[in-house]
Amino acid sequence: MKSDIIQFHNCFILRDGQIIKEDLWTCEGKIVDPEPIFFDKKDYADIKIDCQGLLIAPGYIDLQVNGGFGVDFSRDSETIDQGLEVVAKGLLVYGTTSFCPTLVTSSPEFYHQVVGKIKKTPGSSKGAEILGIHVEGPFINNDKKGAHEKKFIHKFNHGANSIEEVYGKDWRNISMVTLAPELENSTEAIKHLTSNGVTVSLGHSMGSLVQGEEAVRNGASFITHLFNAMLPFHHRDPGLIGLLASSKIPPGKTVYYGIIADGIHTHPAALRIAYRTHPKGLVLVTDAISALGLEPGQYKLGYQDVEVKENCAMLSGTTTLCGAIASMDKCVRHLKRATECSTVEALEAATLHPACALGIQDRKGSLLFGRDADLVMLDHELNVVSTWIASERVYQNPVALELIVQRVTKI
């Protein structure tokens, strides 16, 4: 029951930037301080779980999920409710406990039809929590459209009013917007979005470093899939990539950047450059498409045909990458292996950093007291053993170690 006091023992936990051997206590879906339980309430655990030396980390948070398991959020408008359930449930296998369903560049008619249907939804045994929509476009640069459909690309013709015109009256279901900062009237749009609690990300852009810095001063705080769909690094104008080392970021502000650590979108050397330049801003994203969890073959991303082969997704008949098929747990392991970063840094790139990027670090992304008890249990190779949401086990790896659960009889 949710009111049970649960004690996870014989485990290692990630807390305050270090991995320590310490029990983890939860109650009513939250991580709790055990001292008041002992000394004030004179109580103890209702359920004790022997973790047999496993590592407990916060549940993974994925800010860019286009779909998965045969579902494409940017195409399946009539069955979006069922599609969300399929993907939310499927992500639990990979340790992901919350995510942003992502819509690629689409028509205003499509946004008006779909945005209102994708609501922020708590996680449960039915699936990972929906944190709000990430709309990747349509306010992007045509020259860096990547796999996005050219005919749906928009400009901010009416400034901030363009937001509701394009996304519809339910646009506050959106948590993140990817846009190109060089577009005319983008400053007005950025200020409008951020003042309404929306995280603005820069991407699919030909923007210069100066334009990126101006966007950050006006409220932007994220970069979408670093290195991809933006100007390449140049020593005289490093473009948006230069934000990782800019001296003109406002004091106290962190620019976060999404990176697809699947071994395909980003070369290991580029991954190491980003990590060593700005480790505290690194956010792992999967950019997963409908082929996630399925076999190679033909799929869709919005209105575009996609071919998946040899672990790579490309627009059919081209060499243009379009989304990915790697899961978050694989990205965590690849980041650690490719950069030789610490286990803590690899895990925080999938937990604390995305939580901070969305401004939800007061309830997600760490195992501090009072945070949601969304957890992933990992073995020594960072393979997922089990996934938990609000103290409830929602996935158990069938071939992994089974935990020893004991209900305590209180006298």
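Q: Where is F227 found?
A: F227 sits in the loop between β16 (222–223) and β17 (256–259). The helices (H or I, at least four residues) and strands (E, at least two) named here are DSSP runs, numbered from the N terminus. This is a predicted model, in which local features need pLDDT of at least 70, side-chain atom pairs count only at pLDDT 80 or more, and totals for chains, interfaces and linings use all residues. Residues are numbered from 1 along each chain as its sequence is written, and side-chain values use heavy atoms, with hydrogens and water left out.

Q: What is the phi of F227, positive or negative?
A: Most residues other than glycine have a negative phi, and most peptide bonds are trans. F227 is not a glycine, yet its phi is positive, at about 80°. F69 is also not a glycine, and its phi is positive, near 60°. F69 is placed in the loop between β9 (67–68) and β10 (71–72).

Q: Which peptide bond is cis?
A: The bond from G137 to P138 is cis, with omega near 10°. P138 belongs to the loop between β13 (133–136) and α4 (161–167).

Q: Does F227 count as buried, partly exposed or exposed, and why?
A: Relative accessible area decides it: buried means under 20%, exposed over 50%, and partly exposed in between (1.4 Å probe, protein chains only). F227 counts as partly exposed because its relative accessibility is 26%. F69 counts as partly exposed at 22%. I264 has a relative accessible area of 32%, so it is partly exposed. V200, at 0%, counts as buried.

Q: What is I264 in contact with?
A: Contact means heavy atoms within 4.5 Å. With neighbours within four places in sequence left aside, I264 is in contact with N311, C312 and L321. I264 has its place in the loop between β17 and α7. Its C-alpha atom is separated by 41 Å from that of Q7, and these two residues are 257 residues apart along the chain.

Q: Which residues of α5 are buried?
A: An α-helix has 3.6 residues a turn, so residues three or four places apart point the same way. In α5 (186–195), the residues S186, A189, I190 and L193 are buried. Down the axis of α5 they fall within an arc of 100°, so they line one face of the helix. The arc is that of the directions from the helix axis to the C-beta atoms. These buried residues pack against α4, β14 (174–179), β15 and α6. Just after α5, G197 has a positive phi of about 80°.

Q: Which residues are buried in helix α6?
A: In α6 (residues 209–217), L209, G212, E213, A215 and V216 are buried. Their arc around the axis is only 160°, which puts them on the same side of α6. They pack against α5 and β15 (199–202). Just after α6, G219 has a positive phi of about 130°.

Q: What does V200 touch?
A: V200 is in strand β15. Not counting residues up to four places away in sequence, V200 touches V177, L179, I190, L193, T194, A220, S221 and F222. The C-alpha atoms of V200 and V216 are separated by 9.0 Å, while the two residues are 16 residues apart along the chain.

Q: At what angle do α7 and α8 pack?
A: Two packed helices are described by the angle between their axes and the distance between the axes. Axes are lines fitted to C-alpha atoms, for helices over the stretch in contact, and angles run from 0 to 180 degrees between N-to-C directions. For α7 (residues 268–277) and α8 (residues 328–339) the angle is about 85° and the axes are 9 Å apart. The two helices are therefore roughly perpendicular to each other, a word used for 65 to 115 degrees (under 35 is roughly parallel, over 145 roughly antiparallel, the rest oblique). P268, L271, R272, Y275 and R276 of α7 meet H334, L335, A338 and T339 of α8.

Q: How many residues has the largest nonpolar core?
A: A nonpolar core is a set of buried Ala, Val, Leu, Ile, Met, Phe, Trp, Tyr and Cys residues joined through side-chain atoms within 4.5 Å. The largest has 85 residues, and those with the most contacts inside it are L103, Y167 and L284. A second, separate core of 18 residues includes I6, C51, M377 and L403.
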